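This briefing outlines the fold, the model confidence, the salt bridges and one surface patch of the structure shown below.

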Amino acid sequence: MSKKQVAKEKVWSRVIRRLNDGCWNFTLNEIENKYGRPLTIKLACLTWWDCQCDKEEYDWSDLFRYVKMYKREIESQYKEKDLYKALCQLGYPTELANIRVQPPNCKTKG
């Protein structure tokens, strides 16, 4: 990743935090979501993962509550196109939203 890409990513993550400062529950509930809890959990997980990385002082407790609810099974309970749309509504850049809609490549022990 180039320095320019890293800088661009840090800018959008700061903007999304400022737009939702202290109101993550409200923001997540305002996003069009016909899948209910599974899509909300996925949005919260992605946002927490992508935005909490630059170690600024910030209260992530609203999002982290959803992160603790994550189970691999939710990945099949929504459509990627709807996750993409929700990420864009949340403020994700379209290029990053397009990357994030891909399900995690986890191998489970059988």
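The chain has six helices and zero strands, where helices (H or I, at least four residues) and strands (E, at least two) are DSSP runs numbered from the N terminus. The model is predicted: local features require pLDDT of at least 70, side-chain atom pairs count only at pLDDT 80 or more, and totals for chains, interfaces and linings use all residues. Residues are numbered from 1 along each chain as its sequence is written, and side-chain values use heavy atoms, with hydrogens and water left out.

**Confidence**

- The mean pLDDT of the chain is 81, and 82% of its residues reach 70 or more; pLDDT is the predictor's confidence in each residue, from 0 to 100.
- Among the elements, α5 has the highest mean pLDDT (93) and α1 the lowest (67).
- Where pLDDT is low, the predicted coordinates should not be read in detail.

**Overall organisation**

- From the N terminus on, the order of elements is α-α-α-α-α-α.
- Of the 110 residues in the chain, 37% are buried; buried means under 20% relative accessible area, exposed over 50%, and partly exposed in between (1.4 Å probe, protein chains only).
- The accessible surface of the chain is about 7400 Å², with 53% belonging to carbon and sulfur atoms; accessible areas come from the Shrake-Rupley method with a 1.4 Å probe, and for residues only the protein chains shown count as cover.
- Among contacts between residues at least 6 apart in sequence, 69% join residues at least 24 apart, a contact being heavy atoms within 4.5 Å.

- The chain has four salt bridges, each defined as a side-chain nitrogen of Lys or Arg within 4 Å of a carboxyl oxygen of Asp or Glu.
- Lys85 pairs with Glu32, their closest N and O atoms being 3.3 Å apart.
- Lys85 lies in helix α5 (residues 80-90) and Glu32 in the loop between α2 (24-30) and α3 (37-51), so this pair ties together parts that are 53 residues apart in sequence.
- Lys85 counts as partly exposed because its relative accessibility is 39%, whereas Glu32 is exposed at 54%.
- A salt bridge also joins the side chains of Asp82 and Lys34 (3.9 Å, N to O).
- Here too distant parts of the chain are linked, with Asp82 in helix α5 and Lys34 in the loop between α2 and α3, 48 residues apart.
- Asp82 is buried at 14% relative accessibility, while Lys34 is exposed at 65%.

**Surroundings of Glu75**

- Glu75 forms a salt bridge with Lys42, the closest N and O atoms being 2.8 Å apart.
- Glu75 lies in the loop between α4 (61-67) and α5 and Lys42 in helix α3, so the pair ties together parts that are 33 residues apart in sequence.
- Both partners, Glu75 and Lys42, are buried, and the relative accessible area of Glu75 is 13%.
- The side chain of Glu75 also makes a polar contact with the side chain of Tyr78 (2.7 Å); a polar contact is a pair of N or O atoms within 3.5 Å, where within protein one must be able to donate a hydrogen and the other to accept it, and residues adjacent in sequence count only if both atoms are side-chain atoms.
- Not counting residues up to four places away in sequence, Glu75 touches Lys42, Tyr70, Pro103 and Pro104.

**Nonpolar surface patch**

- Val11, Val15 and Leu19 form a nonpolar surface patch with about 290 Å² of accessible area together.
- Patches are made of residues with over 30% relative accessible area and no salt bridge, like charges being joined within 9 Å and nonpolar side chains (Val, Leu, Ile, Met, Phe, Trp, Tyr) within 5 Å.
- Leu19 belongs to helix α1 (residues 3-19) and counts as exposed at 63% relative accessibility.
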